[in-house]
Every structure is written in structure tokens, then in C-alpha cells.
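The following exercises are to be worked with the sequence and the model at hand. Each task is followed by a solution in steps.

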Amino acid sequence: MLKIGDFSKLSRVSIRMLRHYDEIGLLKPVWIDPESGYRYYAPEQLPIAGRINALKDMGFGLAAIGEILPCYDEGETLLRHLRCKQAELQALSEETAYRLRLLETAQTRLRKEDETMKYDVTLPCQPPRDLESR
């Protein structure tokens, strides 16, 4: 068994995050010392930590990861989750690209206004009209 610190280094998951994963049931230690409360992990749990890291890097939240991990070895189910996330990220990418275009257009217009608005406009004053005589 690996102490939490050793498991943390090998898995590249902070001790604080390992404790959080234990609290939410995502990655439970194989044994907790009843006297000290110290957590111990099995080397076989390292691939699970790796899967969690990979899924987080792909943008999945911890709740979604909790749903995906039990079926990680089921190719079609995992593929469905991955495709769903891909579609979500693609939509976000398109929305971000649209907003970037809006920002670029606004900046271009501001630059053009600075260049073209260098003249004075004079409006002639008209005498008031008598509306009652109509």
C-alpha cells in the first residue's frame, strides 16, 4: 500500500484533491488507519487517478467523471460520453469565435471613427414654425 503522500506524487494529484475525491466517493483509499485517519492507496488505483486526470483535462466535471469511471472500459459508452463533450466544446468554441469577431469588429469601428470623425458639423438654426396656421 502507498501512503497518501507517495500516491499523490505518483498520480500527480494533490493530497488535498485526493481527500476531496475520497469525500465525494470518486477515489476512495483502500484503507484508512482508524487511529490516525491516515489514508492508504493501492498501486492498482494509479490508473484510476490517471483516468480522472485525463477526463478533467478534457473538461469533464467531477460529477460527470463519477458517472464515466464505472463504465470506462465499456468502449461504446465511453465513446458516447466523449462525443457529447466534444460537441459541447465545439459549440463553446463557435460561440467564443463569434464573440471574438464581435470584439474585433467593434475595435475596427472605433479605429475608423478616430480616423474619419475629424470634422465639425454645423446645423443651421431654423425659425420656429407656426403650426396653428395650417
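This is a predicted model: local features need pLDDT of at least 70, side-chain atom pairs count only at pLDDT 80 or more; totals for chains, interfaces and linings use all residues.

**Exercise 1. Determine which residues of helix α2 are buried and how they are arranged around the axis.**

Step 1. Helix α2 spans residues 15–24, and its buried residues are Met17, Leu18, Tyr21 and Asp22.
Step 2. Viewed down the axis of α2, these buried residues fall within an arc of 145°, so they line one face of the helix.
Step 3. Arg16 and Glu23, on the other side of α2, are exposed.
Step 4. The buried residues of α2 pack against α1 (4–11), β2 (31–32), β3 (39–41), α3 (46–57) and α4 (62–68).
Step 5. Following α2 comes glycine 25, with a positive phi near 80°.

**Exercise 2. Carry out the corresponding analysis for α1.**

Step 1. Ile4, Gly5, Phe7, Ser8 and Ser11 are buried in α1.
Step 2. Around the axis they cover an arc of only 165°, which puts them on the same side of α1.
Step 3. Lys9 and Leu10 are exposed on the other side of α1.
Step 4. The cover over the buried residues of α1 includes β1, α2, β3 and α3.
Step 5. After α1 comes arginine 12, whose phi is positive, near 60°.

**Exercise 3. Describe how α1 and α2 pack together.**

Step 1. Two packed helices are described by the angle between their axes and the distance between the axes.
Step 2. For α1 and α2 the angle is about 105°, and the axes are 9 Å apart.
Step 3. Angles of 65 to 115 degrees count as roughly perpendicular, and α1 is therefore roughly perpendicular to α2.
Step 4. Ile4, Gly5, Phe7 and Ser8 of α1 make the contact with Ile15, Leu18 and Arg19 of α2.

**Exercise 4. State the strand order of the sheet and identify its edge strands.**

Step 1. The sheet is open, has three strands in the order β1-β3-β2, and shows antiparallel pairing.
Step 2. β1 (2–3) and β2 are the edge strands, each pairing on one side only.
Step 3. β2 and β3 run antiparallel and are joined by two bridges.
Step 4. Tryptophan 31 stands opposite tyrosine 40 in β3.

**Exercise 5. Identify the residues that touch the most other members of the largest nonpolar core.**

Step 1. This core has 18 residues, of which Phe7, Leu18, Tyr21, Leu27, Ile52 and Ile65 touch the most other members.
Step 2. At least two residues of the core come from each of α1, α2, α3 and α4.
Step 3. Leaving aside neighbours within four places in sequence, isoleucine 52 is in contact with Tyr21, Leu26, Leu27, Ile65 and Leu69.

Methods: Residues are numbered from 1 along each chain as its sequence is written. Side-chain values use heavy atoms; hydrogens and water are left out. Buried means under 20% relative accessible area, exposed over 50%, partly exposed in between (1.4 Å probe, protein chains only). Helices (H or I, at least four residues) and strands (E, at least two) are DSSP runs, numbered from the N terminus. The arc is that of the directions from the helix axis to the C-beta atoms. Contact means heavy atoms within 4.5 Å. Two strands pair if DSSP finds at least two bridges between them. A nonpolar core is a set of buried Ala, Val, Leu, Ile, Met, Phe, Trp, Tyr and Cys residues joined through side-chain atoms within 4.5 Å. Axes are lines fitted to C-alpha atoms, for helices over the stretch in contact, and angles run from 0 to 180 degrees between N-to-C directions. Angles under 35 degrees count as roughly parallel, over 145 as roughly antiparallel, 65 to 115 as roughly perpendicular and the rest as oblique.
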